[in-house]
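This briefing concerns helix packing and strand pairing. Please examine the sequence and the structure shown here before reading on.

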Amino acid sequence: MSVSNIDWSEIAQATLDTLTMLGGSMVLTVILGLPLGVILFLTGKGQMLQNRAANGALSLLVNILRSVPFVILLIVMIPLTVALVGTSLGVPGAIPPLVVGAAPFFARLVETALREVDKGVIEASFAMGAKRRQVVLGALLPEAMPGVIAAATVTAIALVSYTAMAGVVGAGGLGDLAIRFGYQRFQTDVMVVTVVLLLVLVQVLQMVGDTVVRRVSHR
Amino acid sequence: MIAFEAVSKTYAPQANAKGGGNAALSEVSLSVKAGEVFGVIGASGAGKSTLIRLINGLEKPTGGRVVVDGDDVAALGVEGLRALRRRVGMIFQHFNLLSSKTVADNVAFPLKLAGRPAAEVKARTAELLARVGLSDHATKYPAQLSGGQKQRVGIARALATGPKVLLCDEATSALDPETTEQILDLVSNLNRELGLTIVLITHEMDVVRRVCDRVAVLEAGRVVESGAVEDVFLHPASDTARRFVREADGEPAADAMLAGRVVRLTFRGEATYKPVLGEVARATGVDYSILGGRIHRLRETPYGQLTLALTGGDVDAAIALFQAEGVRVDHVGENGR
């Protein structure tokens with residue numbers, strides 16, 4: 001194995017693509033998944049907006065999306081992706097399936113984090129004369145924040161592996177590089193470099209996530 | 001200030017359970033006067049939590065009416081209920097502070113919810129923290145405080161919107177005896193200094209004895225006894241009340257082997273400190289054996305209660321003399337002969 005036949009500019013470009021896919025899809029995942037998780041929680045049994053029909057429908061949707069393997073989702077979504085962003089290729093083409101794959105996962109984790117919030121705190125907020133919206137924004141979400149950030153960290157790391165899979169359908173990025181050069185052309189060195197880069201990325205995400213959780217947790 | 005008019009509360013039956021729901025309260029009627037400390041004592045599951053939550057509308061009655069400060073709680077709309085809750089503060093067994101907010105932000109929370117201006121929130125928060133003695137802890141988080149300090153934050157928070165009524169939901173049950181005493185002192189002071197009407201629920205007779213003016217005894221969702229704390233404590237009429245009093249004092253050793261007439265004497269106020277026993281014994285030639293007794297205080301009033309076996313001499317004359325001294329005499333039993 002020699003390092004001489006690695007095209008570093010290609011690696012740099014692939015890294016940048018992976019980071020763009022990750023950043024873009026993560027932002028949209030939080031924007032869609034957080035409210036979805038909150039609604040899943042609030043419409044649940046014994047909660048303030050208890051609604052069996054709405055909760056059942058949302059829960060079913062989330063379960064369906066989560067049960068489709070991501071590689072399949074990528075392909076099934078191609079027509080929808082083209083309709084949404086005009087292409088199913090490159091970084092833009094990867095973002096819709098990434099978000100659709102990750103948002104339900106994140107929503108479930110958010111729902112779980114909200115369930116961990118002490119019910120007494122919610123009751124106390126109502127006893128102080130809070131409106132529902134004030135209870136959710138002023139008490140429920142701040143109390144669940146460490147759990148929500150931990151959920152975002154887990155989701156971001158899942159997204160890293162999804163971006164690598166997205167490489168299969170021409171999304172670009174480090175995963176694509178690993179498959180095209182490392183696997184199809186037997187360039188083990190490229191494979192090693194991409195794997196190391198992905199590993200470093202996951203480590204950094206986990207460390208940043210843990211640090212932020214520690215910061216916001218005052219338990 | 002607060003009136004329960006034949007209030008019932010039945011929880012909807014579980015889908016899988018048989019029968020028709022679970023009655024937490026049945027036909028409860030009681031009234032709490034402005035400025036008094038009213039205790040509700042009962043075992044767990046007696047309906048205390050439900051009862052206190054009906055006052056600020058956290059629970060809705062399924063029958064009867066709860067009237068607080070002139071408002072029928074169940075008839076209030078969303079805004080009316082929020083306004084009522086600003087006039088009724090509440091503290092909890094497990095404090096229920098927001099772990100994500102500092103002490104000062106916890107106290108400020110109800111003021112922010114009410115949309116008060118920032119300058120007022122700040123000044124009022126500082127004033128409240130000073131009142132509960134936590135000014136030095138304003139920037140700490142609840143996790144850094146002791147149980148007693150957490151309950152002080154809870155109290156400051158409950159007082160933030162200047163309520164007329166304070167609800168105490170087992171507020172000292174998670175605290176050690178010393179801290180319990182401090183919190184009860186604070187609650188008593190608030191009652192005296194602010195004229196706050198206080199409703200507290202507890203399973204400890206000791207808490208009732210220390211701070212309450214009147215008490216209701218709850219058993220399986222019904223009020224089995226209520227009245228002034230002195231009366232209920234010294235002369236409990238119901239089995240439930242007797243059980244709670246025994247828990248607080250320990251049972252007198254009523255020994256069936258002893259001869260003579262067994263009576264219970266109750267001294268209240270100044271009579272507690274008079275040497276009545278010796279005087280009566282000398283005057284009537286009656287001998288007494290003390291079988292059990294307690295001398296204590298109910299809030300400010302000293303009281304004593306002694307169970308005696310009286311033998312020899314003129315027992316009837318002795319009893320008449322006790323009564324003349326303002327001592328209540330109850331017959332417990334006759335032994336021997």
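**Helix packing and a sheet**

Helix 2 of chain A and helix 5 of chain A are oblique to each other, because an angle is oblique unless it is under 35 degrees (roughly parallel), over 145 (roughly antiparallel) or 65 to 115 (roughly perpendicular). The model is predicted, so local features need pLDDT of at least 70 and side-chain atom pairs count only at pLDDT 80 or more, while totals for chains, interfaces and linings use all residues. Residues are numbered from 1 along each chain as its sequence is written, and chains are lettered from A and ligands numbered from 1 in the order in which they are written.

**Helices 2 and 5 of chain A**

- The axes of helix 2 (residues 52-67) and helix 5 (residues 90-115) of chain A come within 9 Å and cross at roughly 125°; axes are lines fitted to C-alpha atoms, for helices over the stretch in contact, and angles run from 0 to 180 degrees between N-to-C directions.
- Helices (H or I, at least four residues) and strands (E, at least two) are DSSP runs, numbered from the N terminus.

**Helices 1 and 7 of chain A**

- Helix 1 (residues 8-42) and helix 7 (residues 132-166) of chain A pack at about 140°, with axes 9 Å apart.
- These two helices, helix 1 and helix 7 of chain A, are therefore oblique to each other.

**The sheet of chain B**

- Four strands of chain B form an open sheet in the order 2-1-4-5, with antiparallel pairing; two strands pair if DSSP finds at least two bridges between them.
- Strand 2 (22-32) and strand 5 (71-72) of chain B stand at the edges, each with a single partner strand, so one side of each has no neighbour in the sheet.
- Strand 1 (residues 2-11) of chain B is joined to strand 2 of chain B by seven bridges.
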